[in-house]
Amino acid sequence: MIKMHVRKDDQVFVLTGKDTGKTGKVLDVDKDNSRVLVEGVNIVTKHKKPRGRNQQGGIIKQEAFISASNVMLVCSKCKRPSKTGRKIMENGEKVRICKGCGEIIDTIRQART
Ligand SMILES: [Zn+2]
């Protein structure tokens, strides 16, 4: 499995593309392709054709996946876009740490073996 530096519900900062400088919440993560869906970022317009009598056609705006390498985690402690690291605690727990302020961001939940 590919290790991702961001996860669902993270706040991330966009580094490149048309939404550079925006921050948003990660709505979904596509681990297989290392892509993320970020709220309000990379909005694409889709034209929807009317289907049947009860459904109207129109323009739908929705987020599209962007490469995970284009975003940086916003640290919940120092509120800055930060590089993250991993650390194993004395009790064997793996945590994500902010390389900016050094604080522990959260625990990486692992499947029990
Ligand atoms: Zn931090």
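Predicted model: local features only at pLDDT ≥ 70, side-chain atom pairs only at ≥ 80, totals over all residues.

Visitor: Good. What order do the strands of the three-stranded sheet come in?
Guide: The order is E9-E10-E11, the pairing is antiparallel, and the sheet is open.

Visitor: Which strands stand at the edges?
Guide: Those are E9 (84-88) and E11 (104-107); each has a single partner strand, so one side of each is left without a neighbour in the sheet.

Visitor: And how are neighbouring strands turned against each other?
Guide: By 30° on average, ignoring direction.

Visitor: How many bridges hold E9 and E10 together?
Guide: Five, with E10 covering residues 94-98 and the pairing running in the antiparallel sense. Within that pairing, Gly85 sits opposite Ile97 of E10.

Visitor: How accessible is Lys87?
Guide: Its relative accessibility is 43%, so Lys87 counts as partly exposed.

Visitor: New topic: salt bridges. How many are there?
Guide: Six in the structure. One of them joins the side chains of Asp106 and Arg7, at 2.7 Å from N to O. Asp106 is in strand E11 and Arg7 is in the segment before strand E1 (11-14), so this pair ties together parts that are 99 residues apart in sequence.

Visitor: What else does Asp106 pair with?
Guide: Arg96, in a salt bridge with an N to O distance of 2.9 Å. Here the link is between strand E11, where Asp106 lies, and strand E10, where Arg96 lies, so it ties together parts ten residues apart in sequence.

Visitor: Are those two arginines buried or partly exposed?
Guide: One of each. Arg96 is buried, with a relative accessible area of 2%, while Arg7 comes out at 29% and counts as partly exposed.

Visitor: Which residues make up the salt-bridge network?
Guide: Arg7, Asp10, Arg96 and Asp106 are linked in it.

Visitor: And what about Asp30, which residue does it meet?
Guide: The side chain of Asp30 forms a salt bridge with that of Arg35, at 3.1 Å from N to O. Asp30 counts as buried at 14% relative accessibility, whereas Arg35 is partly exposed at 32%.

Visitor: OK, on to the metal. What coordinates the zinc ion?
Guide: Four SG atoms, from Cys75, Cys78, Cys98 and Cys101, at 2.2 to 2.3 Å. Along the chain, these donors follow the spacing C-x2-C-x19-C-x2-C.

Visitor: How far apart in sequence are the parts that Cys78 and Cys98 tie together?
Guide: 20 residues: Cys78 is in the loop between strand E7 (71-74) and strand E8 (81-82), and Cys98 is in strand E10, so the pair ties those parts together.

Visitor: Why is the arrangement called tetrahedral?
Guide: Because the four donor atoms subtend angles of 104 to 116° around the zinc ion, and the cut-off asks for all angles to lie between 85 and 135 degrees.

Visitor: Last one: is Cys98 buried or exposed?
Guide: Buried, at 1% relative accessibility.

Methods
Residues numbered from 1 in each chain as written. Heavy atoms only, no water. Pairing = 2+ DSSP bridges. Helix = DSSP H or I, 4+ residues; strand = E, 2+ residues; numbered from the N terminus. Axes fitted to C-alpha atoms, helices over the stretch in contact; angles between N-to-C directions. Salt bridge = Lys/Arg side-chain N within 4 Å of Asp/Glu carboxyl O. Buried < 20%, exposed > 50% of the residue type's maximum accessible area, 1.4 Å probe, protein only. Donors = N, O, S within 2.8 Å, 3.2 Å for Na, K, Ca; no water. Tetrahedral: all angles 85-135°; square planar, octahedral: opposite > 155°, others 65-115°.
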